[in-house]
Amino acid sequence: MRSPEFLNLFHLIALLAGGLCVSAKSIASAASVWPLQTFRSTPITAPYMNVTKNGKTEPGYLFISPYDLLQKTGHPMIYADDGELVWHGPLMNVSAFQPQMLDGEPVLAYWDGYLFTGFGFGGITILNSSYQEIHRVTLSGDDEKYVTIDDSRTYESYLDVHESQITDQGTILVTAVNVTQMDLSSIGGPKDGWVQDSLFYEIDIKTNKVLFRWSTVEHVSEVPLSNAVFALGDTGHSKDNPYKYPHLNSVAKYGDSYLISSRLMCSIFLIDKNGNVTWTLHGQTGGDFKLGPGTRFCYQHDLRFIAHTEDRITLHLHNNENTAFTTHPILTTGLILELDMQNRTVSLLKKFWDAEDPVFAPSQGSYQSLPNGHVLMEHGAVPKLEEYDENGAVVMRARFGYDYVMNSYRGYRSAWTGRPNTKPDVLACPEQGGMAVYVSWNGATDVQSWKVMTGSAEDKLSAAQIAPKNGFETKVWLDKISEKVTVEAVGGVGHGTKSEVVTVGQGC
């Protein structure tokens with residue numbers, strides 16, 4: 001039974017995170033503040049990532065975009081495997097953050113813009129390894145004539161929060177939403193009803209040219225309203241309260257076809273190059289397939305092919321099983337399914353969940369296939385990462401916030417070499433008869449050591465000590481107090497980069 005003192009907070013959390021019923025204990029935790037890492041050399045703060053390892057994990061950094069639902073603040077971030085911060089991106093409404101490749105070079109892509117409950121209007125920012133913006137993908141509302149629930153405002157771009165998938169052809173797959181009229185009489189609604197249509201686009205990154213467009217509403221004959229699991233309720237009668245039934249949340253391209261996931265239809269569709277639906281896999285009824293034991297799913301995220309031939313398809317997904325109208329929480333899992341295209345049957349190959357710390361995620365989440373059979377899952381509204389080995393055993397757990405208060409739309413593991421075009425940050429303070437020098441360099445990944453140089457003036461600095469880098473911020477202790485200090489990076493791509501010369505005691 002929920003404690004009365006937490007009811008207001010619970011309602012806020014339920015609204016923002018999707019309405020899953022949670023215990024009084026979870027609500028009590030939500031009322032607390034997750035501890036933040038703070039530093040002396042920089043004003044950056046970041047959630048502590050509590051990492052526990054039970055075995056060998058795959059190499060690579062962890063990429064998440066923590067968003068505080070109560071403070072309404074978010075940042076794209078990179079962490080090391082030990083929970084140390086690596087890069088802290090700018091303050092924004094952020095979603096769909098992931099490391100990818102573009103033209104053979106590693107990049108970061110994320111959505112940012114105006115955020116609403118379950119959708120948004122914004123653009124996709126693409127950064128190079130120096131964390132500089134090299135492309136901004138946008139979608140104007142002029143051609144589409146987008147209608148929103150707020151007529152008083154227009155937006156720079158109308159891309160939605162759910163996808164930022166770069167293809168090998170230098171294009172990007174994105175989603176959008178558009179309020180439009182539709183006949184809802186087949187599901188008990190008005191004939192002149194209103195829906196929030198879900199669309200996806202393929203856009204050329206360099207020219208911002210739309211190469212492909214697909215609308216769920218425009219294909220209602222192939223994707224009927226009867227597929228929707230989301231109840232109509234009292235929605236659909238006005239533009240201000242449309243029926244939000246499709247909710248596309250992932251798009252991937254394979255050859256000339258597109259694989260899309262509809263969360264609120266609990267369905268997967270394969271779309272051909274002409275926009276026709278090749279097949280439908282419904283997670284509750286099967287659609288064009290017969291579901292085998294353990295293959296049911298619903299409200300899923302991050303759907304991708306693992307392998308595909310004409311006769312057989314293997315795919316994976318993050319199976320939330322929960323959403324705003326779920327009556328009882330259901331275990332969230334990761335699924336690997338095999339589709340027999342000749343017999344149109346679905347078989348379960350693997351199922352992943354953490355038996356010691358089970359998750360019931362009401363929204364968001366991701367599933368990433370790693371080398372050597374490992375899998376990384378992130379659970380959206382439940383700010384937790386899990387890595388599984390080839391046998392399905394949990395080899396890592398990482399938490400970065402309280403459930404239903406801190407979230408991250410997705411989470412990934414990847415190699416990354418950060419080459420910031422900034423200088424290291426330094427603070428030098430007299431302490432206990434000596435001098436403590438604090439140094440950090442936001443986004444630098446492979447600095448080996450820090451060379452501290454001291455002196456009485458900027459032109460009279462000499463090396464005083466070399467200390468190994470120790471986490472995001474390194475503290476170097478010197479017995480002698482100086483007047484001026486600078487620090488130089490040793491090793492890595494930023495070798496030899498110096499900080500500004502700082503005055504000892506200034507800012508302490």
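Residues are numbered from 1 along each chain as its sequence is written, and side-chain values use heavy atoms, with hydrogens and water left out. Because the model is predicted, local features need pLDDT of at least 70 and side-chain atom pairs count only at pLDDT 80 or more, whereas totals for chains, interfaces and linings use all residues.

Begin by selecting residues 36-414 as domain 1 and 425-503 as domain 2, bounds that come from an automatic or database domain assignment. The C-alpha centres of these two domains lie 42 Å apart, and their contact (heavy atoms within 4.5 Å) takes 12 residues from domain 1 and 15 residues from domain 2.

Next, display the surface between the domains, where about 1,100 Å² is buried, 54% of it on carbon and sulfur atoms; buried area here is the accessible area (1.4 Å probe) that two parts lose on being put together, summed over both. On the domain 1 side, select Arg40, Ser41 and Val86, which lose the most area to domain 2 and together make up 50% of what that side buries.

A salt bridge is a side-chain nitrogen of Lys or Arg within 4 Å of a carboxyl oxygen of Asp or Glu; the structure holds 26 of them, and the count between domain 1 and domain 2 is 1. Glu431 lies in strand β32 (residues 425-431) and Arg40 in the loop between β1 (36-38) and β2 (45-47), so the pair ties together parts that are 391 residues apart in sequence. Strands, at least two residues of type E, are DSSP runs numbered from the N terminus.

Then select strand β8 (residues 85-88), which supplies 4 residues, the largest share of the side of domain 1 that touches domain 2.

Finally, turn to an open sheet of 4 strands, ordered β35-β34-β37-β38 with antiparallel pairing, where two strands pair if DSSP finds at least two bridges between them. Its edge strands, each pairing on one side only, are β35 (461-468) and β38 (502-503). Select β34 (residues 449-455) together with β37 (residues 484-490), which run antiparallel and are joined by 7 bridges, and stop at Met453, whose bridge partner in β37 is Thr486.
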